[in-house]
Amino acid sequence: MPENDCPVDLHVRGGPGEALAPTMVAHLKDALDPVHLTLSDESHKHSAGPGAGTHWSVTVVSAAFSGRRSVQRHQAIYRALSAELAGIVHALAIEALTPEEAEGRDDLRLATPACMGGGKA
């Protein structure tokens, strides 16, 4: 299978997250053959702290999602990242789009709120 050279928009802040990101990207590319991928370590928004690699958001644009319901798309991403989810990754926010759904969007980065847990409230 040829290497997928889709654009990757990667947002990491050092630490374990920086080491984990390339593996997550490779697993998503292998499983879903995306045309665009955005992966962000959002641990800094949570009590884990910057670069912890525990909280992520991902946007995957792939033709593999055509004809699939949202839950099926999410399940495909969970399968691709099963090793990471069984390990350090505690939370994963997902946006899964077909190329047609992503067309015309300027920003494919998933907007997520800051956490109010972990004694932050």
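Me: What makes glutamate 18 part of a helix?

Reply: Glutamate 18 lies in helix H1, residues 15-32, and helices here are DSSP runs of H or I with at least four residues, while strands are runs of E with at least two, numbered from the N terminus. This is a predicted model, in which local features need pLDDT of at least 70, side-chain atom pairs count only at pLDDT 80 or more, and totals for chains, interfaces and linings use all residues. Residues are numbered from 1 along each chain as its sequence is written, and side-chain values use heavy atoms, with hydrogens and water left out.

Me: Why is glutamate 18 called partly exposed?

Reply: Its relative accessible area is 46%, and buried means under 20%, exposed over 50% and partly exposed in between (1.4 Å probe, protein chains only), so glutamate 18 is partly exposed.

Me: Why is strand E3 described as largely enclosed?

Reply: Seven of the seven residues of E3, residues 55-61, are buried, so the strand is largely enclosed by the rest of the structure. His55, Ser57, Thr59 and Val61 point one way from E3, whereas Trp56, Val58 and Val60 point the other way, and all are buried.

Me: How do you know that E2 and E3 pair?

Reply: Strands pair if DSSP finds at least two bridges between them, and six bridges join E2, residues 36-41, to E3 in an antiparallel arrangement, with aspartate 41 standing opposite tryptophan 56. E3 also pairs with E4, residues 91-97, in the parallel sense over seven bridges, and there valine 61 stands opposite leucine 97.
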